[in-house]
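Hi,

Here is the structure I promised to pass on. Have a look first, and my notes follow below.

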Amino acid sequence: MTGPVRAVSPGSPVAAALASHGGVWVDMPVLLPAALVLELSGEALRPRLFFASGVDGAELCLRPDLTVPAARAVAAEPVSGPTVWLQAGKVFRAHNPDEASPDEFIQIGLERFADPDPVAADTDVVAAALEACVAGGLASPVITFSDAALLALVLDDASLSAPWGEVLRREAYRPQVLRRRLAEAGAPDPAALSDLERQLAPLSQAEARDTVAALIDGTGLNTGATRSTDQIADRLAEKARRALAPALPQVLIGSLNSLLAASGPLVDTLDGIVATARDLDVDLSGWRTIWAARIDALNARAPHALAGARFDLGRARNFGYYDGMNFDIEGAGVARPAASGGRYDSLVEKLGGKPTPAVGCVVRPERLGGIAGGGW
Amino acid sequence: MSALDGPLILGLPSKGRLKEQCEAWLAARAITLVQVGDARAYTARLDGVDGVDLRLMSASDIARGLLAGDLHAGVTGEDLLREMTPNLDSLATIEARLGFGFADVVVAVPDGWIDVKSLADLAEVTAEMRRASGNRFRIATKYKQLASRFLSAHGVVDLRIVDSAGATEGAPASGTAEAIVDITTTGDTLRANGLKIIPDGVILKSQACLVSSAGAAWSDQNRAALAALRG
């Protein structure tokens, strides 16, 4: 035991590698408004958060990552041009009961805002993350890419019969729900309808709303202060329309399911996705060209970076803020990603700022395995 | 006196129906709770069992004390313990479920939501609200951890939990939340407030339990006293 040490300084190997393409070291707040973090992530994160009370009663939490405080700073004070920030510091996430991981750990992060050339910025972030992993001793690093915007892109353009096009488009950012909806679209089940739903199906919207209002008000039931009988009627009628609609052809469902499951070597998988999309009458050549540009730029910068690289659509974050290209870097003998990152172009605006393109990554140095006890 | 030769520190509910039911449970073991001083005072001892130092506390302080290892044992609700930690089984042991203090922790919505019969329906309604208004569906509860774990696990994700320290059943009618997670025994208070339980929305069927703490220091004498209480 050497006792406490300073684990990260700007000159230590992992930090220096991440910073080798420029950027300013910044410190961001550790305390964040809890409501804001939960609004962004959803309640699924609550069991992992540490809460704190402000003296004025404000409910705060310790930052669960480095990106949200950085994006919040940009939302509060817009950047005047391309901006690269580097951060190293503790983040706080209560460990899962079945894991032995610590409740607080160091992350080293890179965030790029307002880059004029998003592909160059993406490449820079992926290359920096990889170099940092190598500098920290990660053995045989492999990058797995994903794309959180792909399903929305396909569903927006696919010709899908009503009501399924709209029903599926709504769930483009939630693969699990999308799978359920696809199953429903393949085999609508009129027998599952209630008598009321069957009764509402042929009615106009106004008639259906009147029917439901009469039913609910007539029996003295309550809808609460914020949900109207109209909303209940509309939902029942839509459920009925879905159940009575013609099924979506199995061949389309098969194509969408195979997109959802797209996983394998990077280039083959990207090409496979383009071919599958063509079966849905969707032209992904523009999307593919952007990925080709990323791949070419990475190969030019770091010839071995893409050795063994994979694409796995299942890695697209369901609840995170990534809304485009994203990636994980894993190594031999490391169960969890040692680095991850991606585009979060809508985050600054969601936080009340002006729209600001953004991409970033974060390295978990203790998962790199190379430098025991710090000095990252 | 070191912890190891000290008595078993036992927390029991300090007042109300739960205290009376605990006394009846002790009486079945020929143990009597003897109040010291005024009946409203929180000082008492147990007659009929040796080596027990009795503390009368609120049920939630008992739960906290058990998880922290400040108490060896105590009687409290499983709902309170599971709300305080996702990790109950490694911090404490439920020695016995006592057959009183029943409380189901449930997800309840306004009874006029005739379109909501399952958590899958609730997930759709929450997603629809976020799509239509940009706001997340609000669930009022004091069981914030139990509610968020349960609802996330069942795919109900477009929601915000709002803290409610009391009168939670009134939240949907007053507009401070759309639905609630709360405890119910008979369902009467829910019905009186125009709410219904979602059938697959029963998070936990709780009752009063005798619980031992893994964090306290246990001597053979303490273990014998616990066995006497367990009966």
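Let's start with a strand pair: E10 (residues 325-330) and E11 (residues 339-343) of chain A run antiparallel and are joined by four bridges. Strands here are DSSP runs of at least two residues and helices (H or I) of at least four, numbered from the N terminus, and two strands pair if DSSP finds at least two bridges between them. Within this pair, Ile329(A) has Ala339(A) as its bridge partner.

Helix H4(A) packs on the sheet, touching E6, E7 (142-147), E10, E11 and E12 of chain A. Its direction makes about 5 degrees with that of E12(A) (axes are lines fitted to C-alpha atoms, for helices over the stretch in contact, with angles from 0 to 180 degrees between N-to-C directions). Contact means C-beta atoms, placed from the backbone, within 7 Å.

The sheet itself is open, with nine strands in the order E1-E5-E6-E12-E11-E10-E7-E9-E8 (chain A) and mixed pairing. E1 (24-25) and E8 (263-265) of chain A sit at the edges with a single partner strand each, so one side of each has no neighbour in the sheet.

Val363(A) touches, among others, Val14(A), Leu18(A), Ala338(A) and Ala339(A), leaving out residues up to four places away in sequence.

On provenance: this is a predicted model, where local features need pLDDT of at least 70 and side-chain atom pairs pLDDT 80 or more, while totals for chains, interfaces and linings use all residues. Residues are numbered from 1 along each chain as its sequence is written, with chains lettered from A and ligands numbered from 1 in the order written.

Cheers

Note on methods:
Contact = placed C-beta atoms within 7 Å.
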